[in-house]
Amino acid sequence: MAPRIPRLVGVKEAAQILGWERHKTSVYHRRGKLPEPIQVLSTGPIWTEQQIIDFAREELGMMVFMAEKHMDIFEDGGFEVERITVDMDHIVDGVTDCATYHGWWTRPDGECVRGEINAHFMEPVEVDADSVLHAAWEPGLWTVEEVAE
């Protein structure tokens, strides 16, 4: 049986996980502020996805969950979730009452743009990908907005 290879990420993917511009991620790497890459290729550094997720938690104070889900967001169009972040300040006893969903927003006019949904939940949920991905949002306490790529 072949060994399982962890999911690998380069600068572009690390930037997406962290919610940063690619340039900022490169600068952090050059200054030694990111984890030690497992390999450096001619195309740049390579990390495991988990190294970057752990860095986000330990150094930036946020939980990151990679996720894939389509959400219909009422009259505001549709949303393809790629990742979810939860600020550590919003976690108490292993539960949270809010999260930010990152991905692609299909606006009501049909244009697809990079977007974020900031949502407060109807009830606190466990801080795990499945619970946060399926949490019910408090009516009127969520926003969807376009963000820069």
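Before anything else, I jotted down the rule for angles: under 35 degrees counts as roughly parallel, over 145 as roughly antiparallel, 65 to 115 as roughly perpendicular, and the rest as oblique. I also reminded myself that this is a predicted model.

**Entry 1: α1 and α3.** I looked up how α1 packs against helix α3, which covers residues 49-60. Their angle is about 40 degrees, and the axes lie 10 Å apart. So α1 and α3 are oblique to each other. I noted that their crossing is right-handed. Then I checked who touches whom: α1 brings Ala14, Ile17 and Leu18, while α3 brings Glu49, Ile52, Ile53, Phe55, Ala56 and Leu60. Sorted by class, this contact has eight nonpolar residues, one charged and no polar ones.

**Entry 2: α1 and α2.** Next I went to helix α2, residues 22-30. Its axis and that of α1 come within 8 Å and cross at roughly 105 degrees. That makes α1 roughly perpendicular to α2. From α1, I found Val11, Lys12, Ala14 and Ala15 in the contact, and from α2, Arg22, Thr25 and Ser26. By class, I get three nonpolar, two polar and two charged residues here.

**Entry 3: the second largest pocket.** What is the volume of the second largest pocket? I found about 250 Å³. Which elements each supply at least two residues of its lining? They are α1 (11-18), β4 (62-72) and β5 (78-87). Among the lining residues I wrote down Glu13, Gln16, Ile17, Glu49, Met66 and Arg83. The classes of this lining come out as six charged, five nonpolar and one polar.

Terms used. Residues are numbered from 1 along each chain as its sequence is written. This is a predicted model: local features need pLDDT of at least 70, side-chain atom pairs count only at pLDDT 80 or more; totals for chains, interfaces and linings use all residues. Side-chain values use heavy atoms; hydrogens and water are left out. On a 1 Å grid over the protein atoms alone, a cavity is a set of points where a 1.4 Å probe fits but cannot get out, and a pocket is an open set with protein on both sides within 12 Å along at least five of seven lines; lining residues have an atom within 4 Å of a point. Grid points are joined across faces, edges and corners, and a volume is the space filled by probe spheres set on the points. Helices (H or I, at least four residues) and strands (E, at least two) are DSSP runs, numbered from the N terminus. Ala, Val, Leu, Ile, Met, Phe, Trp, Tyr, Cys and Pro count as nonpolar, Asp, Glu, Lys and Arg as charged, and the others, Gly among them, as polar. Axes are lines fitted to C-alpha atoms, for helices over the stretch in contact, and angles run from 0 to 180 degrees between N-to-C directions. A crossing is left-handed if the near helix is turned anticlockwise from the far one by less than a right angle, and right-handed if clockwise. Contact means heavy atoms within 4.5 Å.
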